[in-house]
Amino acid sequence: MSFSKAVDLLRLADFAASRYRGVTLSEIEEEFRVVRRTAQRMTDALEEAFPNSVEVLEDSDRKKRWRLTEVQLARLKMHGDAELEALDYAIERLASSGDLRQRNALAALRDRLMAALPTNDARRLEADAEAMLEAYGVAARPGPATSLSKNISDIIAEAFRGPYLLRFSYKEKPRLVEPHGVLLGARRYLVAREPGAKIMKHFRLDMMETPEVVEEIFNRDPNFCLNAHAARAFGSFQSESEFGLVHWRFSPEAADRAAEWRFHPHQTTRWQEDGSLDVRFNASGWVEMVWHLYQWGNEVEVLHPPELTKMIEHFRRVDFDALP
């Protein structure tokens, strides 16, 4: 079940518990703005989630009503750090995408569930979930992404919880690393270092083979910050040789649209007298920049670095009839 459907289910439970006579399908349709078939599926889910607490009644007009009794939603409890981790991750993703309405609704649900836990359990779960959220601290950018098997995701998550060493085969070579985080984007990278090394390396998750957790705990680098590390790239690829100032200028026709975008967490913008917009930031990953700039057609000019200017000079177009 997706987190949005879970929120709707708990809202329905609140709705059914707050009506002494219960709620009808018509009332559910109106409250949730759904069609009859969806309302029916919601009541089926309600009965399945609360089998001993849902009463199905029939009023004088022979309309069915669903009423929730005995169970207060505030008494529902978390079942493990994985559930809290998923909620916290979803809340961060919604906040980064600007969907504050859904973010606030999910945050209220999270707080309600946490309030039902004993203090010691709540502290332990929050500590575990916070560590996982830090490991996946970079919000995924919208758009296509490489597929990833659930098995690999579960193994990496288990390694983060230790934190444990991770062993896998990469480009036909055996690797043993200390995982520090995951960068999400069109391609997903594990950020890790070899035991005893100081430099972090990137490993594409879709190219990792036979991963396994080595139950040997290591000490994470206390000075490593995944968000700061991620900010050195435009997307998810990093290159020290490419890192430096990036300067784009959007035409007056595209400037308003470009001003709505956040191209980089640390970008600065400046409007020019002719109505164009300058955007500057420090990052690497020229190929991923080119992929994005292509969408703007002839409405963007690369002023720096010169290598990036040369890369896009044959791909600027005037026949784009829409902007990103």
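Because the model is predicted, local features are reported only at pLDDT of at least 70 and side-chain atom pairs only at pLDDT 80 or more, whereas totals for chains, interfaces and linings use all residues. Residues are numbered from 1 along each chain as its sequence is written, and side-chain values use heavy atoms, with hydrogens and water left out.

Strands are DSSP runs of E of at least two residues, helices are runs of H or I of at least four, and both are numbered from the N terminus; two strands pair if DSSP finds at least two bridges between them. Four bridges join β5 (residues 189–193) to β6 in the antiparallel sense. Ala 192 has Lys 201 of β6 as its bridge partner.

Across the whole structure, 14 aromatic pairs are found. Rings of Phe, Tyr and Trp (its six-membered ring) pair if their centres lie within 6.5 Å; planes under 30 degrees apart count as stacked, over 60 as edge-to-face and the rest as tilted. Phe 15 and Phe 32 form an edge-to-face pair, with 6.4 Å centre to centre and 70° between the planes. This pair links distant parts of the chain, 17 residues apart: Phe 15 lies in helix α1 (residues 3–18) and Phe 32 in helix α2 (residues 25–32). Phe 15 is buried at a relative accessible area of 9%, and Phe 32 is buried at 11% (buried means under 20% relative accessible area, exposed over 50%, partly exposed in between; 1.4 Å probe, protein chains only).

Trp 261 and Trp 296 also form an edge-to-face pair, at 6.2 Å centre to centre and 70° between the planes. Here the partners are 35 residues apart, with Trp 261 in the loop between α9 (252–259) and β9 (268–271) and Trp 296 in the loop between α10 (286–293) and β11 (300–304). Trp 261 is partly exposed at 31% relative accessibility, whereas Trp 296 is buried at 0%. Both residues belong to a cluster linked by ring pairs, together with Phe 234, Trp 248, Phe 250, Phe 263 and Phe 281.

Arg 232 lies over the face of Phe 243, 3.8 Å from the ring centre; a charge sits over a ring if NZ of Lys or CZ of Arg is within 6 Å of the ring centre and within 35 degrees of the ring normal.
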